[in-house]
Amino acid sequence: MAQQLDPETREALIARLRFYRDLGLTEFYRRPIDESENVSAADLTSETLDQDSRVASQPAFQQHSQEDQPIPPRKPLPTAPEIDVSVPLADCAAALQLIRDEIGDCTRCALHKGRNKLVFGDGSPTARLMFVGEGPGADEDAQGLPFVGRAGQLLNNMIGAMCLKREEVYIANVVKCRPPGNRTPEPEEANTCSQFLFRQIDVVRPEVIVALGATAATYLLGQRQPLAGLRGRVHSFRGTKLIVTYHPAYLLRDPRQKKEAWADLQIAMRELGLKAPGKG
Ligand code: SF4
């Protein structure tokens, strides 16, 4: 039978688990208690007590942020469903339209409430290269097209630097409706909507996908990792080569990272057999 903990011990245990969670440690196991390891209150050293008093004297906002937050259950990210059938090249545009029709005037997640226009995708239905972003911003929401604001202009420049035209690539997002205030989509929203993205990828069947930013990388790879650990190498999304780089909106905020993004795009070019300008 489970042992009942007194409220003080329970609170202390919850605080400790939160601390471990913040360190990224989420897997725990139980082992039998060795009574000889137990420490009585009298064994506590003055150093331990000092540490406790330091915790108690933390600024109120730090304590508040720990106490307020219940530990959310960590849901595994769903993996993309299997590819149904491959679509003949001549039917790709019609197949994409079928997906668009199925989405319809979608209310499957909360993001529909603030939507002006749903942003499905844009570009060649048979593109060799596909870019995947996070979600529409204000300009995209107004026009119903992905990457048309300042970040879109930068993406166009990036595509041009790869010796490609925007019409030659396909561009889509993880979520098709604008999150309020351009916040990151909630897992519930991204998991609901990304099923349509996966189907778009299945139809287009690009040779290379470039994930723009951490949200796109997370939902395509099915794992949460800092962007730094994902860049600079070729991943796989169900057999398609996947490269991770910064989101153009981030590059607008920190232009020093453009060089790094260009290095990522050169990996994509290498995989596509494209040559950088000026290289014979
Ligand atoms: S974000 Fe996607 S799932 Fe949510 S309402 Fe829009 S189209 Fe539907």
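Me: In which helix of this predicted model is Trp262 found, and is Trp262 buried, exposed or partly exposed?
Reply: In this predicted model, Trp262 is found in helix H10, which covers residues 258–272. A residue counts as buried at 20 or more other C-beta atoms within 10 Å and as exposed at 12 or fewer. Because Trp262 has 16 such atoms around its own, the residue of helix H10 comes out as partly exposed.

Me: How far apart in space are Trp262 and Thr245?
Reply: In sequence, Trp262 and Thr245 are 17 residues apart. Taken from C-alpha to C-alpha, their separation in space is 8.8 Å.

Me: Why is strand S2 largely enclosed by the rest of the structure?
Reply: Leu129, Phe131 and Gly133 point one way from S2, whereas Met130 and Val132 point the other way. In a regular strand, side chains alternate between the two faces of the sheet. Strand S2, residues 129–133, is largely enclosed because the number of its five residues that are buried is five.

Me: Which residue in S4 is the bridge partner of Phe131?
Reply: S2 pairs with strand S4 (residues 208–212) in the parallel sense, over four bridges, and S2 also runs parallel to strand S3 (residues 170–173), again with four bridges. On the S3 side, Met130 has Tyr170 as its bridge partner. On the S4 side, the partner of Phe131 is Val210.

Definitions and conventions. Residues are numbered from 1 along each chain as its sequence is written. This is a predicted model: local features need pLDDT of at least 70, side-chain atom pairs count only at pLDDT 80 or more; totals for chains, interfaces and linings use all residues. Helices (H or I, at least four residues) and strands (E, at least two) are DSSP runs, numbered from the N terminus. Two strands pair if DSSP finds at least two bridges between them.
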